[in-house]
Amino acid sequence: MARVQAEMFDVGAEFAAFTHGRSDLGGVVSFVGLTRDFSGDATVHKLELEHYPGMTERQLNDIERQAVTQFTLQAAKIIHRYGILLPSEAIVLVMAAAPHRAAAFEGCWFMIDWLKTKAPFWKREHRSDGSFWLEAKASDDLAAARWARG
Amino acid sequence: MDQQITVLYFAWIKSELGKTSDQITLPASVGDVAGLVSLLAKKGSPYAEVFARRDKIWVAINQNRAEWAQPLHAGDEVAFFPPVTGG
């Protein structure tokens, strides 16, 4: 089950919980997204993340389930924060466990690409030159489209 | 019969409208999302300006992504938001 929270998370503790009691896992690939302190030439003081409570959890759980099915993962987990984040803080943690590394890498990559284009989160940068809602990037759509089965 | 629905707004749409939601009573003549958007745009500023940018707006009905031609029913939760930027 995915988790959406305002609080910071501890990557080590989350990894330990994810693998606890499992002696059947071949490997885990994880991705941690971080808050940058710059955007173009501007300094970012903080990042605000809004989300759609209810739909967010549903979409993230769907993405976990789809990753498990599509890449035959042994386990999948997404933790995503919302609220005010400061530079260098972690935004998102994605973990994929599989019997062998290829599926774990692919499953993790799929989940982060998929959530960037499906999960209802919106970033607003509070910068040296004002506050701006970020626009979606075409490159993220292309990255997600790569995983479509067809 | 008139139908009551809840409309939610997120990100810049919420900022520009200055509110997070509306309770809307749909007249019998409005049956889908496109009709709802026209109805909202007729409320004048700032709705008209926001919904003039509908190519930059996604819609969800009851927390599932939807299309403009999708029908609406009494009690629906309709959300308008920009393309997502999480991760």
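Predicted model: local features only at pLDDT ≥ 70, side-chain atom pairs only at ≥ 80, totals over all residues.
**Stop 1: the contact between the chains**

Show chain A and chain B together. The contact draws 25 residues from chain A and 23 residues from chain B. Between them the two chains bury about 1900 Å², and 55% of that lies on carbon and sulfur atoms. Now pick out Gln63(B), Thr85(B) and Gly87(B). In chain B, these residues lose the most area to chain A, together 37% of what that side buries.

Turn to the polar side of the contact. Chain B and chain A share 13 residue pairs in polar contact, counted with both residues at pLDDT 80 or more. Next, colour the elements of chain B that give two or more residues to the side touching chain A: strand 1 (3-9), helix 1 (11-17), strand 3 (58-61), strand 4 (64-66) and strand 5 (77-81). Helix 1 of chain B gives the most, with four residues. By residue type, this side of chain B divides into twelve nonpolar, seven polar and four charged.

**Stop 2: a salt bridge across the contact**

Two salt bridges are counted between chain B and chain A. Select Glu50(A) and Lys14(B). Their side chains meet in a salt bridge at 3.1 Å, N to O. Over all chains, the structure holds eleven salt bridges. Glu50(A) sits in strand 4 (residues 42-51) of chain A and Lys14(B) in helix 1 of chain B, so this pair joins two chains. Glu50(A) is buried, at 11% relative accessible area. Lys14(B) is partly exposed, at 22%.

**Stop 3: Gly87(B)**

Go back to Gly87(B) and zoom in. Gly87(B) belongs to the segment after strand 5 of chain B. Is Gly87(B) buried or exposed? Its relative accessibility is 7%, so Gly87(B) counts as buried. Show what surrounds this glycine. Leaving aside residues up to four places away in sequence, Gly87(B) touches His80(A), Ile91(A), Val92(A), Ile112(A), Leu115(A), Lys116(A) and Lys123(A).

**Stop 4: strands 3, 4 and 5 of chain B**

Switch to a cartoon view of chain B. Strand 3 of chain B runs antiparallel to strand 5 of chain B, and four bridges join them. Select Trp58(B) to see one position: Phe81(B), in strand 5 of chain B, stands opposite. Strand 3 of chain B also runs antiparallel to strand 4 of chain B, with three bridges. Here, Ala60(B) has Arg65(B) in strand 4 of chain B as its bridge partner. Strands 3 and 4 of chain B form a hairpin with two residues between them, and Asn62(B) in the turn has a positive phi of about 50°.

**Stop 5: salt bridges within a chain**

Side chains of opposite charge can pair when their charged atoms come close. Start with Lys19(B) and Asp22(B). Their side chains form a salt bridge at 2.7 Å, N to O. Lys19(B) is partly exposed, with 30% relative accessible area, whereas Asp22(B) is buried, with 8%.

Move to chain A and select Arg65(A) and Asp62(A). Their salt bridge spans 2.6 Å, N to O. Both residues lie in helix 2 (residues 55-71) of chain A, three residues apart, about one turn of the helix. Asp62(A) is partly exposed, at 32% relative accessible area.

Finish with Glu125(A), Arg127(A) and Asp129(A). Salt bridges link these residues in a network.

How values were computed: Residues numbered from 1 in each chain as written. Chains lettered and ligands numbered in written order. Heavy atoms only, no water. Contact = heavy atoms within 4.5 Å. Buried area = accessible area lost by both parts, 1.4 Å probe. Salt bridge = Lys/Arg side-chain N within 4 Å of Asp/Glu carboxyl O. Polar contact = N/O pair within 3.5 Å; in protein donor to acceptor, adjacent residues only side chain to side chain. Nonpolar A, V, L, I, M, F, W, Y, C, P; charged D, E, K, R; others polar. Pairing = 2+ DSSP bridges. Buried < 20%, exposed > 50% of the residue type's maximum accessible area, 1.4 Å probe, protein only.
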